[in-house]
Amino acid sequence: MYKKITISNRELFFTYHAKTSISDYVNHLVKLCDSTDFLILREKDLSLEDYTALADSVIKRCENKKAQVILHSFIDSCYKLNCRRIHLPLPIFTKNRALLNNFETVGVSVHSVNEAVYANDNNASYIIYSHIFQTDCKKNVPPKGLSNLEEVCNSVKIPVYALGGINDENELSVIAAGASGVCRMSDYMKC
């Protein structure tokens, strides 16, 4: 069985769900924690204080849910909240590797085989490779496609989770290419 990962995006949520509140958004994320394996809280545009407050609320509300909450980018929030699960863009991972020794899970976003191998060789727990299919988030950027995903999967020993344009119709093709799981942002922010 493969993993299903929610990547949060409150701007998308509020676009799809007009006249809702931050409380509605947190409720939505908590509900998603019943049906997915991981929730990556990716609100990297927030201030450290606002992100930490949101993360604290989500972690507490999802404590007894199926999904593990993984914080994104804010290493200081992890320390403050005693959360030892983080996902990082590759440049932040590279710059802060020495700070990550006490983390149980360290995920890294990558966009090439070389980046995937670097993350693998530097003790990342998993990688997210993107974007696989055409997506509104990257309208003018060609997708990587399934053959590149397969090459990445064959180049590393850690789990590879695929992101970008994944939906019910193409999800299994991503798994057939070797991915250990699928990430969704837009789809999960709509439902």
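Colleague: Which residue of β7 does Ser130 stand opposite?

Modeller: Please note that this is a predicted model. In it, Ser130 stands opposite Leu163 of β7. The two strands concerned, β6 and β7 (residues 160-163), pair in the parallel sense over four bridges. Between them the chain passes through helix α7 (residues 145-155), and this β-α-β crossover from β6 to β7 is right-handed.

Colleague: In which sense do β5 and β6 pair, and over how many bridges?

Modeller: Strand β5 (residues 105-110) pairs with β6 in the parallel sense, over four bridges. Gly107 is the residue that stands opposite Tyr126 of β6. Here too there is a helix to follow: β5, α6 (residues 113-121) and β6 form a right-handed β-α-β unit.

Colleague: Why is β6 described as largely enclosed by the rest of the structure?

Modeller: A residue counts as buried when its relative accessible area is under 20%. Strand β6 covers residues 126-130, and five of its five residues are buried, so the strand is largely enclosed by the rest of the structure. The side chains may then be sorted by direction. Tyr126, Ile128 and Ser130 point one way, Ile127 and Tyr129 point the other way, and all are buried.

Colleague: Let us turn to a loop. Is Glu43 buried or exposed?

Modeller: Glu43 is buried, because its relative accessible area is 2%, and the limit for that label is under 20%. This residue sits in the loop between β2 (38-41) and α3 (48-61).

Colleague: Which backbone atom does the side chain of Glu43 reach?

Modeller: The side chain of Glu43 reaches the backbone nitrogen of Asn9, at 3.3 Å. Leaving aside residues up to four places away in sequence, Glu43 touches Ser8, Asn9, Arg10, Tyr25, Tyr51, Leu54 and Phe74.

Colleague: How many disulfides does a search of the whole structure find?

Modeller: A disulfide is a covalent bond between the sulfur atoms of two cysteines. The search of the whole structure finds zero disulfides. Cys62 is in none, and its nearest cysteine sulfur, that of Cys33, is 3.1 Å away. The cut-off for a disulfide is a pair of sulfur atoms within 2.5 Å. Cys62 counts as buried because its relative accessibility is 3%.

Terms used:
Residues numbered from 1 in each chain as written. Predicted model: local features only at pLDDT ≥ 70, side-chain atom pairs only at ≥ 80, totals over all residues. Heavy atoms only, no water. Buried < 20%, exposed > 50% of the residue type's maximum accessible area, 1.4 Å probe, protein only. Polar contact = N/O pair within 3.5 Å; in protein donor to acceptor, adjacent residues only side chain to side chain. Contact = heavy atoms within 4.5 Å. Pairing = 2+ DSSP bridges. Right-handed = clockwise from strand over helix to strand, strands pointing away.
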